[in-house]
Amino acid sequence: MKDILFRKKDLGELLKKNGDIQLPQTLGAFDLMLLGVGAIVGTGIFILPGTVAAGHAGPGIVFSFIIAAIVCALAALCYSEFSSSVPVTGSAYTYVYVVFGEVVAWLVGWALLLEYGLAVAAVATGWSAYLSALLEGFNITIPKAISGSFNPADGTYINIPAIVIIFATAYLLTLGIRESTKINMIMVFIKVGVILLFIGVGIFYVEPANWQPFLPFGMNGVISGAALVFFAYLGFDAVSSAAEEVKNPQRNMPIGIIGSLFICTILYGAVSLVLTGMVSYTKLNVSDPVSYVMQIVHQDWVAGVISLGAVVGMMTVILVMSYGGTRLLYAFGRDGLLPKSMYELSKKHKTPVKNTWVFASIVAFCAGFIPLSKLAELVNMGTLLAFTVVSIGILYLRKNKSLPSNGFKVPFYPILPILSFLLCLFLMTQLSVFTWIACGVWFVFGLLFYFVYGKKHSVMNKE
């Protein structure tokens, strides 16, 4: 039984061409960095700096972002080594399959599915709030009943804009990754331009008195804030899902992952300082804090541009995280742990059309009915679990002499992988009891599915 549950993938078999079922290699390092920035800079910069500052960290949220970035950077180094050694789609799920075996890989993949799915739903919910703010500037009002998660007491029943943007993004993904990255590039440039506009204008309205006290909730608030804003950095692991579609992955994957993380950390820190310097942190618990503070200082035209940038910018997050989710389903289908329909590519576009629409339908339901705050915490748990396993997995990866040795290597081995593992575990302890219980239910359901379906249908049975 143990041999079946912990059977491992042979990398040589994984890298073999599978006839027509092969994702084309079209992406370079710059494409990957844009994918990373597209995924990372979204809800994290347009929503979380306000809500987390107000309830957890105050102006000290800048430290929360730095702490989260350090943990992510260590995990990113581990991801970079894996993605250059095992350049196959499926992200952490595939890496763990190679080093730990099937049942651990399934649980990590199951956690990633939670991450990608709920991240898309959470960002789509935030996108809906910014769209409403933007349209109100043109005296167009979306009825409250159809623009919020299910909460009859508040008069909201379904979030139609969130559902629409998820299906629109799914359609774009079915056309192909090359087409998707072109649109992503345009939207990333718009988004970064808007963020720089906010920093450039907002810095003239900063009042140092608003930074007092800088740590109103103490270091405990900063640490719990770091566990929450971790959500802001999720995109870089979605970049590793593109490994199979990258030219020269040994060189380009580390550049894409680490480069996008570095750019985003600088942007997050600058926005946090300007935001909490313009207005007291106590006033920032709103769904659109970046445009809200511009309205307070009577820069309404900037607020309008920021709302437009947020609407465009969050679309890139939805695009890249949906991409990560569909490629994960593709890997599950390839390995037989989900039905083979998840592994089918359309003949015209060479994309997994069926799994894209399945993923979008489930996620759209979550976005339409579940509040943003619950979604964000659940996403963090799934991500941190994947990060811990990938980090410790480096120790086992180095022992596998059959893997390519010319790729990226984590420096200061084994200290940094172990440190990454411990820091991710620590941040997991900072999440709420509700998050642990909800994730426990999710994993029990995942194990049941594996033992009922996955173990029986796994392609490893044939090998």
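## Pro249 and helix H13

Pro249 sits in helix H13 (residues 249-278). Helices (H or I, at least four residues) and strands (E, at least two) are DSSP runs, numbered from the N terminus. Pro249 has 9% relative accessibility, so it counts as buried (under 20% relative accessible area; exposed is over 50%, partly exposed in between; 1.4 Å probe, protein chains only). Ser83 lies 166 residues from Pro249 along the chain, yet their C-alpha atoms are separated by 7.3 Å.

This is a predicted model, in which local features need pLDDT of at least 70 and side-chain atom pairs count only at pLDDT 80 or more, while totals for chains, interfaces and linings use all residues. Residues are numbered from 1 along each chain as its sequence is written, and side-chain values use heavy atoms, with hydrogens and water left out.

## Overall fold

The protein chain has 19 helices and zero strands. Its C-alpha atoms fill a box of roughly 65 × 45 × 40 Å along the principal axes.

Buried residues make up 60% of the 463 residues. The accessible surface comes to about 17,600 Å², and 70% of that belongs to carbon and sulfur atoms. Areas come from the Shrake-Rupley method with a 1.4 Å probe; for residues, only the protein chains shown count as cover. Take the contacts (heavy atoms within 4.5 Å) between residues at least 6 apart in sequence: 84% join residues at least 24 apart.

## Nonpolar core

The largest nonpolar core holds 148 residues. Such a core is a set of buried Ala, Val, Leu, Ile, Met, Phe, Trp, Tyr and Cys residues joined through side-chain atoms within 4.5 Å. Ile166, Phe198, Phe230, Tyr233 and Met294 touch the most other members. Helix H8 (residues 102-136) gives the largest share of this core, 21 residues.

Tyr233 has contacts beyond its neighbours within four places in sequence. Its partners are Ile40, Phe65, Ala68, Ala69, Cys72, Leu261, Thr265 and Tyr268.

## Helix H11

Helix H11 (residues 218-229) has twelve residues. Its first and last C-alpha atoms are 17 Å apart, close to the expected 16 Å (1.5 Å times one less than the number of residues). Nine of the twelve residues are buried, so H11 is largely enclosed by the rest of the structure. The buried stretch consists of Gly221, Val222, Ile223, Ser224, Gly225, Ala226, Ala227, Leu228 and Val229.

## Cysteines

The structure holds zero disulfides (pairs of cysteine sulfur atoms within 2.5 Å). For Cys78, the nearest cysteine sulfur is that of Cys424, 8.4 Å away. Cys78 is buried, at 0% relative accessibility. Cys439 is also in no disulfide; the sulfur of Cys366 is its nearest, 13 Å away. Cys439 is buried, with a relative accessible area of 2%.

## Loops and backbone

Gln212 and Pro213 are joined by a cis peptide bond, with omega about -10 degrees. Pro213 is in the loop between helix H10 (177-202) and H11. Another cis peptide bond joins Tyr413 and Pro414, with omega about 0 degrees. Pro414 belongs to the loop between helix H17 (372-397) and helix H18 (415-429).

Phe412 lies in the loop between H17 and H18. Phe412 is not a glycine, yet has a positive phi of about 55 degrees. It is exposed, at 65% relative accessible area. His298 also has a positive phi, near 65 degrees. It is in the loop between helix H14 (289-296) and helix H15 (300-334). At 68% relative accessibility, His298 is exposed.
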